[in-house]
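Reader: Please take a close look at one part of this model for me: the place where the two chains meet. I would like one connected account.

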There are 2 protein chains.
Amino acid sequence: MTNDLNVCLSPALIPLYNVEDYIVVVVDIFRATSSVCYGIENGAKAIIPVSQVEECAAYREPGLDYLLAAERDGKVVEGFEFGNSPFSYTKEKVKGKTIVLTTTNGTHALHLSRLAKKVVIGSFLNLTAICNWLKTQDENILLVCAGWKNNFNLEDTLFAGAVIEQLKGFDFKLDDAAIAANDLYQMGKYDINDYLKKTSHSKRLKILGIENDIEFCLQVDLTTAIPVLEGDRLVKLRF
Amino acid sequence: MTNDLNVCLSPALIPLYNVEDYIVVVVDIFRATSSVCYGIENGAKAIIPVSQVEECAAYREPGLDYLLAAERDGKVVEGFEFGNSPFSYTKEKVKGKTIVLTTTNGTHALHLSRLAKKVVIGSFLNLTAICNWLKTQDENILLVCAGWKNNFNLEDTLFAGAVIEQLKGFDFKLDDAAIAANDLYQMGKYDINDYLKKTSHSKRLKILGIENDIEFCLQVDLTTAIPVLEGDRLVKLRF
């Protein structure tokens, strides 16, 4: 039977799908899912996504060795170890650690996807690894773009298009959003960073002075680990 | 001040916008807004959009001269004058008449947009007319794609991209969805019918045997009338 390969362009559209029938790939390129992929690759034991700084702070308990990552307006919140920059998720910092990561859009998308057959985390960093794994699964696939406060964004959609590019030769049925995402990827693929320069989020991140993060997050196949949701935490998928 | 030019890719995303701050253009290319544009152009006094066949039937009252248009699964419902095909909205049939039109996606989008500064109806048929009018308004513009049961669809998005193509030289701030819609239009503009052949809805309509309708709805600038929502009905905008 032909499986579906669908793209959900905003978390607000997740209720249109029976996520129980899908493997869901959550995508939040700038920067949550990129940092998660990098952190898990670098040996983090687990990453717990939460949506509020206060929730994150609640993990600061005596005797527990959590790393707490919280950021607001592009700056690390006082009293926290680090923020959302992938550069914080190096081997030296995260190996063997459990990290509590504050991320609004990513956490929202994960929460709404939690009843899926499996929820995995995608980014350009682990693009080919996740595509190769998806090819072996014989399941419907839903690529969930975390967007920005439920709004459509181009960087997550372009990544979805990159996944489709690797999967479309296989026996999948694409919906219109998947066709559109792949066509947008065709337009941007030769220089994704340049293509995204016209977008709202890139401008916002540029103002925040984190262009290095953007460049980092757009590197293809830097990692091979696939983070998977188990309960409330993301761990390395074993297969 | 620079006005916003935004694209809402699904009625489910309308709540993300303060529609009170926008002129909204509702788009449902196959076939509701195309038929509405053609009907108003051809002298229909008003078109009342409803979502259910039963609501439509409720307008069948003695002494009232409504034309009732209801269709299910691509066929005119028994006892109704006609369905959603634009070919039903000729001058001979609709001039001077008030039509009650059953349309699920279009009515849904109109209902959610009703508090906007103005709600107008767009289709390829009145593309340049509506763009020329929008250029004179000095307001934020939200192009609402009616989609298919809240799902993203390519034909409505491509039309949004065609509107942006005409407006983008002016002083507007585009959101990511507007950028994406315009880029998709760039890919499809040389043969929109051909581009849309790979989409879900075209396949569905083809199965229904209404390819002539599709071809009709993709004609550019056949009409100049701009339908506008007044209360519960669409009438010709006077300006």
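**The interface between chain A and chain B**

In this predicted model, a rotation of 180° with 0.0 Å of shift along its axis places chain A on chain B, at an RMSD of 0.0 Å. That is how a two-fold axis relates two copies. The contact surfaces fit this picture: 100% of the interface residues of chain A are interface residues in chain B as well, so the copies meet through the same surface.

Now the extent. On chain A, 25 residues are in contact with 25 residues of chain B. Together the two chains bury about 1,900 Å² between them. Carbon and sulfur atoms account for 67% of that area. Three residues stand out on the chain A side: A:F152, A:D176 and A:D183. They supply 29% of the area that chain A buries against chain B, more than any other three residues.

Two salt bridges are counted between chain A and chain B.

Which helices of chain A each supply at least two residues to the side that touches chain B? They are α6 (154–167) and α7 (176–188). The largest share comes from α7(A), with eight residues. By class, this side of chain A has 13 nonpolar, seven polar and five charged residues.

A:K149 lies in the loop between β9 (140–145) and α6 of chain A. Its phi is near 50°, a positive value in a residue other than glycine.

In chain A, the bond from A:F30 to A:R31 is cis, with omega near 5°. A:R31 sits in the loop between β2 (22–27) and α1 (32–41) of chain A. In chain B, a cis bond joins B:F30 and B:R31, with omega about 5°. B:R31 is in the loop between β2 (22–27) and α1 (32–41) of chain B.

Last, confidence. Chain A has a mean pLDDT of 94, and 99% of its residues reach 70 or more. For the complex, the predictor gives an ipTM of 0.95 and a pTM of 0.96. Where pLDDT is low, predicted coordinates should not be read in detail.

Methods
Residues numbered from 1 in each chain as written. Chains lettered and ligands numbered in written order. Predicted model: local features only at pLDDT ≥ 70, side-chain atom pairs only at ≥ 80, totals over all residues. Heavy atoms only, no water. Contact = heavy atoms within 4.5 Å. Buried area = accessible area lost by both parts, 1.4 Å probe. Salt bridge = Lys/Arg side-chain N within 4 Å of Asp/Glu carboxyl O. Helix = DSSP H or I, 4+ residues; strand = E, 2+ residues; numbered from the N terminus. Nonpolar A, V, L, I, M, F, W, Y, C, P; charged D, E, K, R; others polar. Least-squares fit on C-alpha atoms with pLDDT ≥ 70 in both. pLDDT = per-residue confidence, 0-100.
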